[in-house]
Amino acid sequence: MKTGTKQLENGKDKSDHKPADVAAQVKAAATSKNPFDLDALKLSQDFDSAGGGVKKRIVTVPVRKPNKQSFFRVIPGEEWRLNTAILEIKDNGTEIYLIHPSLRDELMEDMNVVQIVTTIDRQNNVVLWAIKMPKADGRGNTWNESAMAAAQQAKSQWVRLVPNMNLGAYDVFVAKKDFPDPEMPDISFQQLIEMAFKDRFIDSMEHPILKKLRGEE
């Protein structure tokens with residue numbers, strides 16, 4: 001005897017709906033406008049957890065050495081590095097200022113000659129790294145020498161830079177896994193420099209930082 005859409009057979013309910021009907025219902029639910037549709041919310045296997053399949057826009061460019069806990073690469077090529085002069089201000093952290101060429105002679109005692117290289121970590125964060133170069137007298141520095149060696153190695157391998165206080169230099173650790181190459185920035189090195197130093201460019205002897213060093217402020 002039928003009751004509604006179900007009938008009793010051998011003591012068990014038996015639905016009139018066939019498997020094909022159920023599949024049709026599932027398909028209908030998947031194509032519905034329900035914002036909580038599970039098929040729509042499910043991540044695909046090739047989803048990029050770092051960028052979510054969307055290329056990250058560069059809006060901030062720090063100037064510092066790579067984080068000791070992060071693997072990074074250095075973009076090779078002359079167009080991604082710059083030998084220049086900077087001023088380091090160590091007050092509640094280190095701030096790096098770019099010096100206008102016309103002021104280099106006057107700031108010779110305080111400035112550092114550096115090579116600025118472009119680094120990218122595993123999360124595609126772009127950071128400019130200012131590595132100090134040998135002074136005019138040719139005297140070396142194990143920290144700077146090991147940093148430059150690490151930057152060279154990072155052009156072809158993922159590396160991690162860790163200070164070794166006993167050695168007085170950086171240890172370089174190479175990633176055991178062969179990670180893919182990083183994504184290249186979608187802006188030029190010129191633009192990276194402008195973004196990094198837009199508020200830290202000394203182009204006058206009346207700059208507030210120089211006044212502070214002279215004890216005028």
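A residue counts as buried here when its relative accessible area is under 20%, and as exposed when that area is over 50%, with partly exposed in between. Keep this in mind as we walk through the structure, which is a predicted model.

Let us begin with Y170. Its relative accessibility is 18%, so Y170 counts as buried. Its ring has a partner in W143: the two ring centres are 4.9 Å apart and the planes stand at 75°, so this pair is edge-to-face. The pair joins distant parts of the chain, with W143 in helix α3 (residues 142–153) and Y170 in strand β10 (residues 169–174), 27 residues apart. W143 has a relative accessible area of 24%, so W143 is partly exposed.

A search of the whole structure finds four aromatic pairs. Another of them brings together W80 and F189, whose ring centres lie 6.4 Å apart with planes at 70°, so this pair is edge-to-face. W80 sits in the loop between β4 (72–74) and β5 (81–90), while F189 belongs to helix α4 (residues 189–197), so the pair ties together parts 109 residues apart in sequence. Both W80 and F189 are buried.

R122 lies over the face of F179, at 3.8 Å from the ring centre. R160 lies over the face of F71, and here the value is 5.8 Å from the ring centre.

Methods. Residues numbered from 1 in each chain as written. Predicted model: local features only at pLDDT ≥ 70, side-chain atom pairs only at ≥ 80, totals over all residues. Heavy atoms only, no water. Phe/Tyr/Trp six-rings, centres within 6.5 Å; stacked < 30°, edge-to-face > 60°. Helix = DSSP H or I, 4+ residues; strand = E, 2+ residues; numbered from the N terminus. Buried < 20%, exposed > 50% of the residue type's maximum accessible area, 1.4 Å probe, protein only. Lys NZ or Arg CZ within 6 Å of the ring centre and 35° of its normal.
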